[in-house]
Structure formats: structure tokens, C-alpha cells
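The sequence and structure are shown first.

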Amino acid sequence: MTDRPASRGLVSSASLTLATRILAFGFSGATNIILARSLGPEGRGVYAVAVMASAIISLLAQLGIGPANVYHLSKKLIDLDELIGHSTSLALLLGTSCFLIVLGIVLVTGSGTVLGVGSTFVVVATAAVPFMLLTAFMQSLLQGGQRFVHFNVVILIQYAAPTFTLVVMLLLFRDRTLGAVTSWTVSSAVTAACAIYSVVPLTRLSLRLRRTTLRSLLRFGLISYLGNVTSFVNYRFDVLIVNLFSGARQVGLYSVGTSLAEVVWFITNAASVVLAPRVASSKGDEADRITEGVARVVLMLTLAAAIGLAVFAPFVVVLFFGAAFAESVWAVWLLLPGIVAFSVSRVLSMYLLGRNRLRIDLAAAVVGLVVTLALDFVLIPRFGFRGAAIASSIAYASAMLFNLQWVIRHSSITLPSLLIARPSDARLLWLRLRQAVAR
């Protein structure tokens, strides 16, 4: 059994992260409401495609450096100052290169559209890529060092900045959609500056590129990179497919539904952030026991949140986003079963990261990707965004089952201890809630 102080320490870190995610949800909700009310389904869809292009490029450019930072810092295999130097250099080099490539392609081809939306929107959104990489790499260092207070401050700014910059840009720009996309880039720059500010007190900021360090980071990170890219395509690429077959309005409806359904992931993300470095620094069965406890609590809370959201979604969508988005509730309902399954998959992914078994998680992501793409091209042309939601839900469950069967076969973790909540789990959560209220 994991000792009680260790369990409480884990829950304390996760509770702090969850509290931050709840505040972040407030800002995220405000941002999505402003976007929906200001842009309507069509403009919201254009914004979603432009931002998605930026996010995809950012993910492709990360090369797994973030997870490699978490692992090597948790294991104390590479010094922090060495990791910061390489993270800063790679973020600036890779991010700037990506932006220049996109800008060059648009200028050389003279194309007025990219991915079915105006090329200007995509170019402006892509300017955020260097800042997104800086934020991701700095956050991984804070996570690997288990500096969760600083980590959560950056997370909060990451969600708060878009809300405030969006309001400003909508006032400044006549073209509201362009203003919204510009706010994405500006908020990314603000978040990157705050992330750097949070890391700098730990050691001196520098620029470094050493072959031996790069080799170590890439050797570990590339497997994680392939898994992250595959997972991202699994649960984000369908936006582009919906836009291809059904147009920007359907993308706008789908984006509102997914943003609401994915609120449930705040619980999973809070737990997974603290789990990976804890597993990496633990030995023997201790990591298994920690993972079991985290998975039980996450599943219990996620299921409760999903049921509540399913009941109130029709009222929430119309009240906050407007009657024009009423159909978005279908995306919420159809995604929730898969999101609950994905909550367990996310915990297992962090367990595999901590055990340096990323190839298994990559294989699970590939399974999910194959299921997603196969079902997307069958369902989206016929059912629009509803088909995309069904495909995603089934794909999430497929990836979870793959990871689950491997973990159970190759560890001391059992299915009941992983998925069935215990009275002690509820007592520990109640204790943490009382302590939080008292504070």
C-alpha cells in the first residue's frame, strides 16, 4: 500500500491543479461565450479552423521535448539549466521556422484560402506557434520539477489571457473574426512571457544546442511525440474533416459542443499532471498503487460530472451561447461516453510515461486514429458534426481498452482496483474539500 503522506501529497497537488482548472474553466467558458455571441456559427467555425491549424503546427513542431523534459528532470538525468537552455532554443528555432514556412507558402502560391478559410486568418494564427512552443516546454519543466504552484499559475494565465485579449481585439478590429484570431496570437505571447518568468527564478535562462543532450531528449521524446500527434489527430483533426464535408457553420456548432463536453477533462488533466512525475520517481508497486487510486477518483468524479452535464447541457447551450447553437447539445451528448472512457485512458497514459513504456501508448493512439478516420469518412458526410462526435467517442473508448489490457497484463494493477471506487477514496476527497473550504 502507498503510505498515507504520499497519497495526501498527491491528492494535495491534484487538488491544487483541479482548483486552477476550475478557474480556468470559468475563463474558457467566458471566451467561448464571447466568441459564439460575437461571431455566430459561421465566424466561430472560421476561428476554429484557423486556431486548429496553429495548434496542429505547434504539436508537429514539439518533437516530444515536453514529455522528455518531464522524464529527465523527474529522474534527475539532465540538469535543469541544460533543459531550459535547449527548451528555449528549440522553441524559438522550430516555432519561427514553422511560421516562416506557412507565410512563404501563402505568399508564393498567392492563395486566398487555406484549409477552406481565408489565408490571412491562418497566417495570423500561425504567428502564435513560437509562443505556444515556449509555453509548452516551460510548463513541462515546471511539471517535471513538481513545482505545481508555478505550473498552475501559468495554466491560469493561459486561459485568462484569451478572455481579456479577445475583448480588446473585438473592440479594435472591424473584422471581428480577424480580431478574434489576432487575440489568440497575442494571448499566446502573453502566456509565453509568464511561463518564462515562472521558470527563470529556478536557474539562468540561456540558449543551448548540444548534440548529446538533443540525442537524449529526442530518443525519449520521439515516441511520445508520435503518440501525441496521433492522439491529437484522433480528437482534433475531425474539425477539418467536418469543414471539408459540411462547412464552417457545422464546425462552429461542433466547436461549441466539444468545448462544453471537454469541461469534464479538467478533472483528468489535473490528476495526470501530477501523476507522471510521481510515477517516474516511484519504485516497484508504489507506482501501481498510486495509479489505481488516481484512476478510481478520476473515474468517479468524471462520471458524476458527465451525468450532470448531460442533464443540463440543453439549458446551458441556449442560455450562454444562444439559440443559434442549440444543435450543439448533440455533440455534448454523443461525446460524453467517449470522454469518460478517455479519462481513464489519460491516467494510464501518464502511468506509461512514468514507466517509460510510451510505445504502448503510441500503439493505443494508432488504434484510436484508425477508428476515428475510418468512422469520420463514413459518418461525417451523412450526419455532419454528429457523425464526428460518434466517431470520436468510439475512438476514445478503443484507445482506452488497448492501454487497459496491456497495463493489467504487465503490472500488479487489477481491473477492480483501477475502476471501482472505495469508501476511502471518498473520505480522502471529503477531507481535502473540507481543508480547502477552511482555507
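## Serine 89

In this predicted model, serine 89 is part of helix H3, which covers residues 80-109. Its relative accessibility is 9%, below the 20% cut-off, so serine 89 counts as buried.

A polar atom of the serine 89 side chain lies 2.9 Å from the backbone oxygen of glycine 85. Leaving aside residues up to four places away in sequence, serine 89 touches Leu207, Arg208 and Leu209.

## Helix H5

Helix H5 takes in residues 129-144, 16 residues in total.

Of the 16 residues of H5, 14 are buried, which means that the helix is largely enclosed by the rest of the structure.

## Packing of H3 and H5

Two packed helices are described by the distance between their axes and the angle between those axes. For H3 and H5, the axes come within 7 Å and the crossing angle is roughly 160°. An angle over 145 degrees counts as roughly antiparallel, and H3 is therefore roughly antiparallel to H5.

The crossing of H3 past H5 is right-handed. On the H3 side, the contact is made by Leu80, Leu83, Ile84, Ser87, Thr88, Leu90, Ala91, Leu92, Leu94, Gly95, Thr96 and Cys98. On the H5 side, Val129, Pro130, Leu133, Leu134, Phe137, Met138 and Leu141 take part.

## Packing of H10 and H15

Helix H10 (residues 248-261) and helix H15 (residues 385-409) form another pair, with axes that come within 9 Å and cross at roughly 45°. H10 and H15 are therefore oblique to each other.

Their crossing is right-handed. In H10 the residues involved are Gln250, Leu253 and Tyr254, which meet Phe385, Ala388, Ala389 and Ser392 of H15.

## Overall counts

The protein has 17 helices and two strands. It consists of 439 residues, of which 56% count as buried.

Where contacts join residues at least 6 apart in sequence, 85% of them link residues at least 24 apart. The contacts of serine 89 with Leu207, Arg208 and Leu209 were listed above.

Definitions and conventions:
Residues are numbered from 1 along each chain as its sequence is written. This is a predicted model: local features need pLDDT of at least 70, side-chain atom pairs count only at pLDDT 80 or more; totals for chains, interfaces and linings use all residues. Side-chain values use heavy atoms; hydrogens and water are left out. Helices (H or I, at least four residues) and strands (E, at least two) are DSSP runs, numbered from the N terminus. Buried means under 20% relative accessible area, exposed over 50%, partly exposed in between (1.4 Å probe, protein chains only). A polar contact is a pair of N or O atoms within 3.5 Å; within protein, one must be able to donate a hydrogen and the other to accept it, and residues adjacent in sequence count only if both atoms are side-chain atoms. Contact means heavy atoms within 4.5 Å. The expected span of a helix is 1.5 Å times one less than its number of residues. Axes are lines fitted to C-alpha atoms, for helices over the stretch in contact, and angles run from 0 to 180 degrees between N-to-C directions. Angles under 35 degrees count as roughly parallel, over 145 as roughly antiparallel, 65 to 115 as roughly perpendicular and the rest as oblique. A crossing is left-handed if the near helix is turned anticlockwise from the far one by less than a right angle, and right-handed if clockwise.
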